[in-house]
Structure formats: C-alpha cells, structure tokens
Amino acid sequence: MTERGFRPETLAAQTLSGVDAATGAIIPPIHPSTTYERDVDLGYSRGAPYSRPDNPTYAIAANTLTALEGGAASLLFASGMAAATAVFQALDPGDHVVAPSIMYWALRAWLLGAATRWGLDVELVDTSDLAAVKAALRPGKTKLVWLETPANPLWTVSDIAAIADLAHGAGARLAVDSTIATPALTRPLALGADLVMHSATKYLNGHSDVVAGALTSAREDDFWARIKLALAQNGGVLGPFEAWLLQRGLRTLFPRVRWQAQSALALAQQLSRHAAVAQVFYPGLPDFPGHDLARRQMRGGFGGMLSIRVRGGRDAAIATAANVRLWKRATSLGGVESLIEHRASIEGPTSPVPDDLLRLSVGLEAPEDLFDDLRAALERST
Ligand code: PLP
C-alpha cells in the first residue's frame, strides 16, 4: 500500500487524476497553453506561470511516477538521454563517477565522450560484481554511482541495496536506470537508491509513440534542486501532448509489464531448449547469473526483455531477424509490438556485445505466436 492508501496498480490506472470539475471528463485534459494568467498581486495562486518549467499536464505523469517510485518529486524530460545526462551534469568537473561496463550504449558513449571532455572522471566496472564496485569507489572523490538493472542488452542484474550501502559509505549518491524493470517490478528508492531514471519512451509510455525521460528523487535536496534548475534553464522539456500520451500509457503499465514478463519467461524457457540457440540471457532463468538476486530484487516478474545467441554466428543471427514475419525488425523496446534486433550492428565497432546476439523486446501478442514465428525463422536460418 502507498501513503495514499491505494495500491500502485490503482494509482497507475487513474494516474492520480480526479474527474475534471468543469466538464465531468474522466480523462484529464491536455493543457497546451505556454503561459498562465498572473494574479493581480503578481502571484501565481493557480500553479504554473510558464510551460518550460511547469505545466499541469506534465504534473499528472510526474506525480504518478513519484507515487509509483515512492519518491519525493519527479521531473519529465524530452528523452531518456536528456534525463540521464541531467544527473551527470549536476556534478562538478573533476568528480569521479562509477558506471556499468554493460549499459545502454548511447549513454556509455556519452560518458566516455562529452562527459569525460567536460571533466568528469568516469570509471566503468562490472556492477554485478560487488567487489569490483567496492574497489572502484574513491571515498570523498566518487560522487555518483550509476546502475542499470537489468542492463541492456545482456540483462545483467546489479544489487541495488548492497551498492547503495557501498556508495553511501563512500559519500556518493546512487542513481538507477530502471527503464527495463519499471516500478511495476522494482522500486530502487525503497532499496536505498537516491535517484531513479527512466527512458519513458519504453514501458512507461508503452506504445512506441512518445520519446520521453523521467527522473524521480528520494528527496528534494540541493542536488535535486540543481537538476530541476538545469531542466528549467536548459529547456529540454517534454511537450504537453507527449506528457499526456505518457500518462495515458502509465494507466496500463502494470497489466502490460506483467503480461510481457510472463511471455518473456515462457519464450526464454522454450528458446533455451532450442538446438539453434547457443545461449539465452534472461534473469528469470534459474541458471542465469544474477537469477537469485533478481528473485530478491524484482517483484512480479523478470521483465519483458531477453537476448539470444544464435548458433551459426553473425550471419545466422542476421538471417533469423530477416526471416521473422510477426516480430518487427526495429530498435527500441517496451511497446505493445514485439521487436527483434541484431544488437552489435546498432552499437557499432566498440560494442562489447557478441555479434551473434539478437535482442528481443516482447510485446503483447500471444506468446505462442511469437515462439512459432521465431522458431520458424531460426530453422530457416541456421
Ligand atoms: N536507458 C535505457 C535502458 C534505454 O534502453 C534507453 C533507450 O533505448 C535510454 C536509456 C535512452 O532513452 P531515450 O531513447 O528515451 O533517450
């Protein structure tokens, strides 16, 4: 139960919105207005003055996320990358940062490129290895530990509670990219994290029709104030229409994510018995490293993402993606339609991902149809 007395599923289904007082509409309106009337005494008693920092439509999705994550406040950004980079940009040049060696590739590239040029001291480690995280921490110098769990595209699981303790012991904050788990499966703040980040483009919106990002903070401290000010000043905000679509998607978050997690588990089990599949990466499989941790840390499923290595190497993997009929060949994840992607060719030559790996984002189709399509494609290609 949450502080409002309702379960998270209930809060999400209604995105904390009441019936519109003026019209009786049960779905909240979109507020496209960029500017708002000022009171005669120069105040803004009705809320937002200007739509760059504030808009009543942003508030619906942001407040719902705050409740679902159990945080103090949330901010919406124009993309997941805008949300993630805002956290690092709130640090000072010279600060030491620990981040995972396996993580969303574009953020890794930004950390090693722009963030490093700007003066952050970035160290990438295997964050599924607590000893490696401990060894990387420099007390007083490390200001942020970044986790992604499960992490793209090998679905590596990192221990949020243990790393929160290690980070705090060294005087650092812990931020978690929880895009894959969503608050339906993991609540990082309850495990000790200070910040949660989402590419809301994925499961939170869930319909592959919005690019958006979100941050939720455990508390409204100075660091949060820096991030909030930077968003208002840099201006990388979400538009009201996108924020409205995001709250629309959030309403079905729980049933979507649970269905996708169940289907992904069934697919992972079937694929791990298939002769054309060399390896399956899915935290729900008992022999997956990190499975026991995932069981402790994730509630209600292991997520809708899995990857497979195809016997026969890169060519067989590419042919499998070419031969599917139902799965869509596309990047991104977390939508209602299932997606298949040859990952190494998207990530480029510096990618640590094996070149026979296909990443699968499981949608809402019947899992039997998804398996039959994939099995036929594997059998035609290997
Ligand atoms: N984090 C994860 C785990 C992602 O998968 C992505 C995008 O694929 C991002 C962050 C970046 O999000 P966006 O594409 O919304 O900028």
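1. Which side chains meet in a salt bridge at 2.9 Å, N to O? They are those of E347 and R343. A salt bridge here is a side-chain nitrogen of Lys or Arg within 4 Å of a carboxyl oxygen of Asp or Glu. E347 and R343 are 4 residues apart in helix α13 (residues 343-347), so about one helical turn separates them. Both are buried. Buried means under 20% relative accessible area, exposed means over 50%, and partly exposed is in between (1.4 Å probe, protein chains only). R108, E341, R343, E347 and R359 are linked in a network of salt bridges.

2. A note on the basis. This is a predicted model, in which local features need pLDDT of at least 70 and side-chain atom pairs count only at pLDDT 80 or more, while totals for chains, interfaces and linings use all residues. Residues are numbered from 1 along each chain as its sequence is written, and side-chain values use heavy atoms, with hydrogens and water left out. Helices (H or I, at least four residues) and strands (E, at least two) are DSSP runs, numbered from the N terminus.

3. Domains. The chain is divided into domain 1 (8-250) and domain 2 (253-381); the bounds come from an automatic or database domain assignment. Their C-alpha centres lie 26 Å apart. The contact between them takes 38 residues from domain 1 and 38 residues from domain 2. Contact means heavy atoms within 4.5 Å.

4. Helix α9 (residues 240-250). Of its 11 residues, 8 are buried, so the helix is largely enclosed by the rest of the structure. W244, L245 and L246 are among the buried ones. The buried residues of α9 pack against α1, α2, β1 (73-77) and α10 (253-272).

5. The whole structure holds 17 of them. One joins D159 to R296, with the closest N and O atoms 3.9 Å apart. This pair links distant parts of the chain: D159 is in the loop between β4 (142-148) and α6 (160-169), R296 is in helix α11, and they are 137 residues apart. D159 is buried at 16% relative accessible area, whereas R296 is exposed at 54%. Another bridge pairs D221 with R219 at 3.7 Å between the closest N and O atoms. R219 is partly exposed, at 38%.

6. H291. This residue sits in helix α11 (residues 291-297). H291 is buried, at 7% relative accessibility. A polar atom of its side chain lies 2.8 Å from the backbone oxygen of P283. Beyond residues up to four places away in sequence, H291 touches P283, G284, L285, P286 and F302.

7. H96. Strand β2 (residues 96-100) holds H96. H96 is buried, with a relative accessible area of 0%. Its side chain makes a polar contact of 3.3 Å with that of R138. A polar contact is a pair of N or O atoms within 3.5 Å; within protein, one must be able to donate a hydrogen and the other to accept it, and residues adjacent in sequence count only if both atoms are side-chain atoms.

8. A175. Strand β5 (residues 173-177) contains A175. A175 is buried, at 1% relative accessible area. V87 is 88 residues away along the chain, yet the two C-alpha atoms are separated by 8.3 Å. Leaving aside neighbours within four places in sequence, A175 is in contact with residues including V87, L144 and W146.

9. I26. The loop between α1 (8-14) and α2 (56-69) carries I26. I26 is exposed, with a relative accessible area of 63%.
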